[in-house]
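Q: I would like to learn how to read the strands, core and aromatic rings of a model. Please take me through one example.

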Amino acid sequence: MISRVNMTERAAELLSVLCQRHGALLFHQSGGCCDGSAPLCFTQQEFRVGDHDILLGEIGGCPFYISEFLYGYWQNCVLTIDALPGRGGGFSLESAEGMRFVTLSRLLSEEELAVASSQESRSPP
């Protein structure tokens, strides 16, 4: 099984703090003009997932969605969510902590791509 999204230990620690403070969270990677490669973190009550959002996976017990448009570009990648000092994007919850989540990507190997393709044919990401 290929995990299409994962996180660093530093991101996991920050996410744990945010979950304790805010409850059930989710991530959304929209790729809009203002977000760029910044995944946004919201409470599950604050964000409404759209018809064109794809559930890519789960990190730290939180669903991770990506816009269908952006998935078209990153469908052959594994995304790793990290946390760095600095101001977060938009209304993302980590901003108040003086941190920001960032998305790092790497291309799937040919072997991983074959496995991922067979997984997607059984169930969409």
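Q: In which sense do β4 and β5 pair, and over how many bridges?
A: Strands of a sheet pair through backbone hydrogen bonds, in either a parallel or an antiparallel way. Here β4 and β5 are antiparallel, with 6 bridges; two strands count as paired if DSSP finds at least two bridges between them. Strands are DSSP runs of E with at least two residues, and helices are runs of H or I with at least four, numbered from the N terminus. The hairpin of β4 and β5 has 2 residues between the strands, and G60 there takes a positive phi near 55 degrees.

Q: What sense of pairing joins β2 to β5?
A: That one is parallel, over 3 bridges. H28 of this pairing faces Y65 in β5.

Q: Is S67 buried or exposed?
A: S67 counts as buried because its relative accessibility is 10%; buried means under 20% relative accessible area, exposed over 50% and partly exposed in between, with a 1.4 Å probe and protein chains only. Its contacts (heavy atoms within 4.5 Å), leaving aside neighbours within four places in sequence, are H28, Q29, S30, H52 and D53.

Q: How many residues of β5 are buried?
A: The count is 6 of the 6, so β5 is largely enclosed by the rest of the structure. C62, F64 and I66 point one way, P63, Y65 and S67 the other, and all are buried. With neighbours within four places in sequence set aside, I66 touches residues including H52, L56, Y71, W74 and L79.

Q: Which residues touch the most other members of the largest nonpolar core?
A: A nonpolar core is a set of buried Ala, Val, Leu, Ile, Met, Phe, Trp, Tyr and Cys residues joined through side-chain atoms within 4.5 Å. In this core of 24 residues, they are F27, C41, F64, I66, L79 and F101. At least two residues each come from α1, β2 (25-29), β4 (53-59), β5 (62-67), α2 (68-74), β6 and β7.

Q: What kind of aromatic pair do F27 and F101 form?
A: A ring pair is described by the distance of the centres and the angle of the planes. Rings of Phe, Tyr and Trp (its six-membered ring) pair with centres within 6.5 Å; planes under 30 degrees apart are stacked, over 60 edge-to-face, the rest tilted. That rule gives 4 aromatic pairs. F27 and F101 are edge-to-face, with 5.1 Å centre to centre and 80 degrees between the planes. They sit 74 residues apart, F27 in β2 and F101 in β7. Together with F64 they make one aromatic cluster, and both F27 and F101 are buried.

Q: How does β6 (residues 77-85) join β7?
A: These strands run antiparallel, with 9 bridges.

Q: What is the mean pLDDT of the chain?
A: pLDDT is the predictor's confidence in each residue, from 0 to 100. The mean here is 88, and 88% of residues reach 70 or more. For residues 121-125 the pLDDT is below 50. Where pLDDT is low, the predicted coordinates should not be read in detail.

Note on methods
Residues numbered from 1 in each chain as written. Heavy atoms only, no water.
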